[in-house]
Amino acid sequence: MRIVLVGPPGAGKGTQAAFLAKNLSIPHISTGDLFRANISQGTELGKQAKAYMDAGNLVPDEVTIGMARDRMAQPDAQNGFLLDGFPRNVSQAEALDTALASDGVKLDAVLDLEVPEDEVVKRIAGRRICRNDSAHVFHVTYSAPATEGVCDVCGGDLYQRDDDSEETVRKRLEVYHTQTEPIIDHYRAQGLLVTISALGKVDEVTERAMEALQTDR
Ligand code: AP5
Ligand code: ZN
């Protein structure tokens with residue numbers, strides 16, 4: 001399956017993507033994680049992306065689209081993928097449409113995670129991520145690690161993302177409303193949109209998502 005996951009910052013895209021990708025045996029491709037990996041490795045791409053991310057703005061399309069296409073061209077993504085955080089504006093959605101059409105393939109669904117803004121703010125404020133693997137995501141109250149500051153999975157240090165400050169989160173939400181939400185209409189018009197509530201326990205949301213993805217559109 002080829003799936004796009006959309007939703008505001010903190011909706012739980014990364015959390016759900018980890019489970020959905022495993023259930024569906026497809027790679028989880030997160031442009032945010034790819035940027036963060038480049039930043040921690042000190043690459044030129046990471047240097048270009050960091051200032052935009054720290055300010056809560058989108059990284060320019062010239063950088064982002066090429067990076068996403070390179071990742072989708074990897075062997076493990078040839079039979080499907082779960083995109084998380086890409087596309088994030090209409091021109092990225094159009095670039096993806098063009099790339100898929102030139103490969104003779106199509107998206108199966110666009111899963112839209114709906115969460116009220118006050119809940120999103122709580123989820124982001126309490127989020128802690130493992131330095132060893134960005135897929136190891138915790139929350140200080142909703143899914144606290146057994147030992148404060150230590151990853152339950154690998155023992156790595158947990159940290160708070162630079163762009164999770166209250167001011168930057170406000171900016172990211174504004175960018176989501178103005179630049180990312182328009183892709184919802186783009187995909188609704190293509191008959192691909194599936195909207196679910198992302199409230200409730202993590203496994204309840206995963207179950208809801210799996211059911212929604214298995215429904216004919
Ligand atoms: P990115 O990394 O994509 O961030 P985001 O979209 O803002 O999303 P988040 O990672 O903040 O949240 P999430 O929805 O994954 O939530 P999570 O699962 O962690 O992008 C960061 C930046 O990179 C952008 O601002 C931009 O600068 C740049 N960028 C990335 N892609 C780009 C693109 N295509 N174009 C241009 N720029 C791009 O969950 C949040 C918390 O809630 C966690 O603590 C989790 O444990 C908890 N939680 C999750 N589910 C539940 C639940 N059901 N109940 C209770 N708690 C829960
Ligand atoms: Zn870890």
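Two strands are said to pair here if DSSP finds at least two bridges between them, and the strands themselves (E, at least two residues), like the helices (H or I, at least four), are DSSP runs numbered from the N terminus. The model is a predicted one, in which local features need pLDDT of at least 70 and side-chain atom pairs count only at pLDDT 80 or more, while totals for chains, interfaces and linings use all residues. Residues are numbered from 1 along each chain as its sequence is written, with chains lettered from A and ligands numbered from 1 in the order in which they are written.

**The whole chain**

Begin with the protein chain coloured by pLDDT, the predictor's confidence in each residue, from 0 to 100: the mean is 96, and 99% of the residues reach 70 or more, while the model scores ipTM 0.96 and pTM 0.95. In cartoon view the chain shows nine helices and eight strands, and its C-alpha atoms fill a box of roughly 50 × 40 × 35 Å along the principal axes. The radius of gyration, taken over C-alpha atoms, can be set against the globule rule of 2.2 Å times the number of residues to the power 0.38; the chain has 17 Å, which agrees with the value near 17 Å for a compact globule of 217 residues.

**The open sheet**

Select β6, β5 and β7 next, which form an open sheet of three strands in the order β6-β5-β7, with antiparallel pairing. Because β6 and β7 (158-159) stand at the edges, each with a single partner strand, one side of each is left without a neighbour in the sheet. Strand β5 (residues 127-130) is joined to β7 by two bridges in the antiparallel sense, and within this pair Ile129 has Tyr159 of β7 as its bridge partner.

Strand β1 (residues 2-6) pairs with β3 in the parallel sense over four bridges, and strand β2 (residues 28-30) runs parallel to β3 and is joined to it by three bridges.

**Around ligand 1**

Display ligand 1 with the 37 residues that surround it, the closest being Pro9, Gly12, Gly32, Gly85 and Arg127; a residue is near the molecule if its C-beta atom, placed from the backbone, lies within 6 Å of it. Among the elements that each supply at least two residues of this shell are α1 (13-24), α2 (31-41) and α9 (202-214).

**Two single residues**

Val169 lies in helix α7 (residues 166-180) and is buried, with 20 other C-beta atoms within 10 Å. Its C-alpha atom is separated by 7.8 Å from that of Pro9, 160 residues apart along the chain. Beyond its neighbours within four places in sequence, Val169 is in contact (C-beta atoms, placed from the backbone, within 7 Å) with Pro9, Val121, Ile124 and Asp164.

Finish at Pro116, in the loop between β4 (109-114) and α6, which counts as exposed with 12 C-beta neighbours inside 10 Å.

Conventions
Contact = placed C-beta atoms within 7 Å.
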